[in-house]
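The following exercises concern a single protein chain. Each task is followed by a solution in steps.

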Amino acid sequence: MVIRVFVASSSGSVAIKKRQQDVVRFLEANRIEFEEVDITMSEEKRQWMYKNIPEDRQPAQGNPLPPQIFSDDRYCGDYDGFFESKESNTVFSFLGLKPSLTSKESEP
């Protein structure tokens, strides 16, 4: 299972850059293996990301903004979903992973 974080390396938005860094740093700090996919470097990857976000999770206007998170080909969510799962200590469930032994998710 591969966690993929779709990012935009050349985004002019400070908020988007901060959100991308927040996700990447959290995954690194928790030793969760992931692949960073830069949508600004590949039109094919950008289109794949857009196409694989469920219609009910698409923004009302425009394209979905990074970061967007997938587990293999399963859509996990965007930054807001990630942030909510982080706040409620359910990131492993959000990502479709088994909780680590140090996670509150592993408690009965």
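**Exercise 1.** Determine whether valine 91 is buried or exposed in this predicted model.

*Solution.* Step 1: the relative accessible area of valine 91 is 3%. Step 2: the cut-off for a buried residue is under 20%. Step 3: valine 91 is therefore buried. Step 4: as to its place in the chain, valine 91 belongs to helix 4, residues 91-95.

**Exercise 2.** State how far valine 91 lies from phenylalanine 26 in sequence and in space.

*Solution.* Step 1: in sequence, 65 residues separate the two. Step 2: in space, their C-alpha atoms are 9.9 Å apart. Step 3: Phe26 is among the buried residues of helix 1, together with Ile16, Gln20, Asp22, Val23, Val24 and Leu27. Step 4: these buried residues pack against helix 4, and also against helix 3 and strands 1, 2 and 3.

**Exercise 3.** Describe helix 1 from its start to the residue that follows it.

*Solution.* Step 1: at the start, a side-chain oxygen of serine 13 comes to within 3.3 Å of the backbone nitrogen of alanine 15. Step 2: the helix comprises 16 residues, 14-29, and its end-to-end C-alpha distance of 22 Å is close to the expected 22 Å. Step 3: after the helix comes arginine 31, with a positive phi near 50°.

Note on methods:
Residues are numbered from 1 along each chain as its sequence is written. This is a predicted model: local features need pLDDT of at least 70, side-chain atom pairs count only at pLDDT 80 or more; totals for chains, interfaces and linings use all residues. Side-chain values use heavy atoms; hydrogens and water are left out. Helices (H or I, at least four residues) and strands (E, at least two) are DSSP runs, numbered from the N terminus. Buried means under 20% relative accessible area, exposed over 50%, partly exposed in between (1.4 Å probe, protein chains only). The expected span of a helix is 1.5 Å times one less than its number of residues. Contact means heavy atoms within 4.5 Å. A polar contact is a pair of N or O atoms within 3.5 Å; within protein, one must be able to donate a hydrogen and the other to accept it, and residues adjacent in sequence count only if both atoms are side-chain atoms.
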